[in-house]
Amino acid sequence: SRGAGKISRMKIKAYRTPDKETLLKFMEGMQFRDKALVSFIACTGIAEGSIPRLKWKHVQEINEKEIPHIALTSVEIKGQGKGKYEGVEQHTFLTPYAKRMLLTYKEWRQRKEGRTLTPEDYLFTTIAQPYKVITLSEVGGIFSRHSKAIGIKFSPHDLRRFVQTALETAKMQPNWVKKILRHKVAGEESPYSQPKIEALRDAYRTALPYIDLSEKPTVSELDVTKRSTLAALKAVLSQEAYA
């Protein structure tokens with residue numbers, strides 16, 4: 001038949017979407033670099049594959065703006081500007097909490113290395129000499145170690161899901177969410193969805209109650225978390241019923 005040989009994939013495990021309280025618990029006991037890294041991903045939605053390519057010049061607004069803008073070209077994101085990622089850019093921001101963690105990490109690192117970091121220095125490096133840029137596998141290793149130590153399992157991609165959920169809860173325009181998460185705006189909408197950075201920053205500011213880890217959870221955020229948990233439980237029960 002026409003359908004012969006086709007394979008359908010079914011999600012067995014529920015997606016993990018962390019909330020702020022759990023993320024803060026996940027970061028307990030982390031040293032400066034790791035806490036800065038986790039909070040960085042948890043507000044920018046930048047993928048783990050881009051982390052080794054980032055330099056301090058990417059956060060040049062950190063001393064000037066309350067909510068610093070971060071711009072990545074297609075070369076710095078997944079696919080390095082090839083194929084379906086050609087021309088795709090990412091325009092995202094740091095929350096006040098992530099900004100503080102990154103500045104604390106920078107100060108600690110400058111004391112440790114005995115020098116002033118330059119815009120061309122890599123953003124995240126190893127914590128021991130010779131202070132090489134952190135690799136993709138090392139980014140994953142940080143999450144694996146802390147997941148095992150704290151008993152809460154998270155991956156870098158789970159934090160991208162956290163960012164998207166927060167922005168959607170704040171009712172940000174879908175195409176603007178894609179700009180922040182570096183998802184490609186599809187088809188004919190692309191030429192017409194070109195938000196100015198300040199407009200995008202203002203929209204991101206409205207999401208701070210849901211995404212900034214220094215903010216207390218709002219009632220609507222708690223409702224979203226509750227619904228997500230219930231949906232995950234229903235998915236598990238449904239799978240068990242058919243087992």
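Val139, Gly141, Ile142, Phe143, His146 and Ser147 of helix α4 are buried, where buried means under 20% relative accessible area, exposed over 50% and partly exposed in between, with a 1.4 Å probe and protein chains only. The structure is a predicted model, in which local features need pLDDT of at least 70, side-chain atom pairs count only at pLDDT 80 or more, and totals for chains, interfaces and linings use all residues. Residues are numbered from 1 along each chain as its sequence is written, and side-chain values use heavy atoms, with hydrogens and water left out.

**The chain as a whole**

The chain has nine helices and two strands; helices (H or I, at least four residues) and strands (E, at least two) are DSSP runs numbered from the N terminus. Their order from the N terminus is α-α-β-β-α-α-α-α-α-α-α. Of the 243 residues in the chain, 44% are buried. Among contacts (heavy atoms within 4.5 Å) with a separation of 6 or more, 66% join residues 24 or more positions apart.

The table sets out the spans of the two helices, for which the expected value is 1.5 Å times one less than the number of residues.

| Helix | Residues | Number of residues | Span between end C-alpha atoms | Expected span |
|---|---|---|---|---|
| α2 | 32–44 | 13 residues | 18 Å | 18 Å |

Helix α2 is mostly covered, with eleven of its 13 residues buried; among them are Leu37, Val38, Phe40 and Ile41. Just after α2 comes Gly45, with a positive phi of about 70°. Helix α4 is likewise followed by a glycine, Gly151, whose phi is positive and near 80°. The cover over the buried residues of α4 includes α1 (20–26), α2 and α5 (156–169).

Two packed helices are described by the angle between their axes and the distance between the axes. The axes of α2 and α4 come within 11 Å and cross at roughly 105°; axes are lines fitted to C-alpha atoms, for helices over the stretch in contact, and angles run from 0 to 180 degrees between N-to-C directions. The two helices are therefore roughly perpendicular, a term for angles of 65 to 115 degrees, while those under 35 count as roughly parallel, those over 145 as roughly antiparallel and the rest as oblique. On the α2 side, Arg33, Asp34, Leu37, Val38 and Ile41 meet Val139, Ile142, Phe143, Arg145 and His146 of α4.

**Two buried aspartates**

Asp121 is placed in the loop between α3 (96–113) and α4. The residue is buried, with a relative accessible area of 13%. Its side chain forms a polar contact of 3.0 Å with that of Arg115; such a contact is a pair of N or O atoms within 3.5 Å, and within protein one must be able to donate a hydrogen and the other to accept it, while residues adjacent in sequence count only if both atoms are side-chain atoms. The side chain of Asp121 also reaches the backbone nitrogen of Thr118 at 2.7 Å. Apart from its neighbours within four places in sequence, Asp121 is in contact with Lys55, Trp56, Arg109, Arg115 and Thr116.

Asp19 lies in the segment before α1 and is buried, with a relative accessible area of 18%. A polar contact of 2.5 Å links the side chains of Asp19 and Thr22. Although Asp19 and Val163 are 144 residues apart in sequence, their C-alpha atoms are 10.0 Å apart in space.
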